[in-house]
Protein chains: 2
Amino acid sequence: MARPVTLDDVAQKVGVSARTVSRVVNSEPGFSEETRARVQAAIDELGYRPNFMARGLVSGRSQALGFVVPDITNPFFPQITRSMHRAARQHGYSLFLCDSEDDGREQAALLDSMLSQGSDGAIVFPAIGGEQQLMAVAEAGLPLVLMDSHVTHPRIANVNSDIRGGAEMAVDHFVNVGRRTIGMVTSHHSPPQRRWRETGFRAAAKRHNLDMPRGRIIRVEPDTDGGYRAALDLINSFPTIDAIFAYNDTMALGVLAACTEKGRTVPDDIAVIGFDGIELGQFVTPKLSTVVIDRPTVGRVTVETLLAMLDTGEPPAEPVVVPTSLVFMESA
Amino acid sequence: MARPVTLDDVAQKVGVSARTVSRVVNSEPGFSEETRARVQAAIDELGYRPNFMARGLVSGRSQALGFVVPDITNPFFPQITRSMHRAARQHGYSLFLCDSEDDGREQAALLDSMLSQGSDGAIVFPAIGGEQQLMAVAEAGLPLVLMDSHVTHPRIANVNSDIRGGAEMAVDHFVNVGRRTIGMVTSHHSPPQRRWRETGFRAAAKRHNLDMPRGRIIRVEPDTDGGYRAALDLINSFPTIDAIFAYNDTMALGVLAACTEKGRTVPDDIAVIGFDGIELGQFVTPKLSTVVIDRPTVGRVTVETLLAMLDTGEPPAEPVVVPTSLVFMESA
DNA sequence: CTGAAAGCGCTTACAG
DNA sequence: CTGAAAGCGCTTACAG
């Protein structure tokens, strides 16, 4: 395989210095139109391609960003990845994809190699227990944008979906259609400081002066069976319950099953709202109403935030918030 | 932000040459245990991290691979990506992810930047119409592994799932359970040389001496509605039809609907087998039997094939074939 | 408008 | 077992 074509090759062919070719390649000012044309012709003829490693070595910029996800097979991430990739490319950046497999140690190793590879910055959806290490990474020189986290550091930005707001919207909707006895089925895995759906749920309930006795929020395993059991509990404990908000759509499917089993019609007797907008929610009866995260926007905004940090050297003063929205189907 | 720590920094601190530090970092032979210990201590203390751009510039190796997909949001790809990432990391490589958005021009631009970024090689699932350009890319110095393609070139390897074999397995199963009047609903988008399911279907039918009159294979839009209409056609044209093989699970869902509408019980009257193993297939009644591609293996094997090429300088003599398997659920 | 020199942080090839 | 020199392909900072 032939040696790649270098700046010098082009320069020699044209009879100018490498510096001049470099100027043309990078569209810097400082050459005549005639020179430009001759250099460009030589570039095309020889098939010259700039060497980013050489460029990066001297400029300190690799034109590559990293995206660290806990699990790319989680349907939440591919859409975000796609929109991130598009935004990155529009600005001339490539994207390293890293799957931490939701493991803190692996995430640390991954970020370490980002540092070695010379990534200009990284976007991280932290693995479970992987938030502590991030300050050290930022300290080591890697600008970071975190998704759905809150870490304060001069080289870390936070971009959050308005999950709390989405939960409030669900409750607002329930109230608007006359529901007063509202329950929630949620995940027992979320640590207290990350229970945004629950926080929003409680806040909206309070705002509407709803009674919220103990037992109206049930924390279980966030799967269909968990949702099913929790909903049975709610219906048994509060026979007049007329609305249930679920942590995610998978749980909401279990809620629908429980309602059917208890002879309650959805949404007439009990209105149900899930969270996520998974495909499956549109293949059940009634079709699931749900709060959705705007993945394309999240992807684009994280990249733009990171690139802005590379420019200004500091993160935005406030966490960036991407709105969620309530998609009305049939279950509420 | 402080200047990153270099080999020279470490060398100075220890009082040896940069070359010696380099030897320790790369575990090359040629230093005493005492030197190793002192160098390692300095590395840890200073937090030295090798600069891959510098290393790559001189060695010509970036330790990065590229993966170019037509659409990362297609559920086919995330699992493959995950397993690719795992395999790449095990060998010390990072992974650039590129989404061509199924556009040939974009794919070309992406591969061009792989070349500039200095990727050591790339794995490509070609975009529609994006196969011609690949030889030129390989020629320009980028070793390539193609998924589900057949391009012969001294720097291109092909890794294919045994789709044809999967289709044969479906027909074999139909025959084993006594079916003789078998139809197929397939996609009208596949170009003739890529109709592997159809080829396998025909080959198995011939092997079993099945009658295969015109009209037993129907090509339509590969979605649920297409599957539905095509299956209605089949049932109308061949009232004794007792098995239908579908191009993908989405179409198979349409086939199930058509059977129901025509009063045919699945699998008693008509057995149905799909292709892909999508989640939704397990949420319908009867649960869909289907041919699945072994995504984890595909991901791992493509990476291993690429790395082997980097070593030997040439692709395997034959295309690598990854087996598919038939997953029996309820529809067949 | 153009170029000569230095240097980014490493490894290669050689010498001792 | 160790090191001095050259050079990978660029850009930076300067001079003209």
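Analyst: This is a predicted model. One cut-off is needed to begin: a residue counts as buried if 20 or more other C-beta atoms lie within 10 Å of its own, and as exposed if 12 or fewer do.

User: Which residues are exposed on the other side of helix 4 of chain B?

Analyst: Helix 4 of chain B spans residues 52–59, and B:F52, B:M53, B:G56 and B:L57 are buried there. These four cover an arc of only 135 degrees around the axis, so they sit on the same side of the helix. On the other side, the exposed residues are B:V58 and B:S59.

User: What do the buried residues of helix 4 of chain B pack against?

Analyst: The buried set is B:F52, B:M53, B:G56 and B:L57. Their packing partners belong to chain A: helix 4 (52–59) and helix 6 (104–117).

User: Which strands stand at the edges of the open sheet in chain B?

Analyst: Six strands of chain B form this sheet, in the order 7-6-8-9-10-12, with mixed pairing.

User: What is the bridge partner of B:I273 in strand 10 of chain B?

Analyst: Strand 9 (271–275) and strand 10 (289–293) of chain B pair in the parallel sense over 3 bridges. In strand 10, the partner of B:I273 is B:S289.

User: At what angle does helix 9 of chain B run to strand 6 of chain B?

Analyst: Helix 9 covers residues 196–207 of chain B. It lies across strands 6, 7, 8 and 9 of chain B. Its angle to strand 6 is about 165 degrees.

Key. Residues numbered from 1 in each chain as written. Chains lettered and ligands numbered in written order. Predicted model: local features only at pLDDT ≥ 70, side-chain atom pairs only at ≥ 80, totals over all residues. Helix = DSSP H or I, 4+ residues; strand = E, 2+ residues; numbered from the N terminus. Arc of directions from axis to C-beta. Contact = placed C-beta atoms within 7 Å. Pairing = 2+ DSSP bridges. Axes fitted to C-alpha atoms, helices over the stretch in contact; angles between N-to-C directions.
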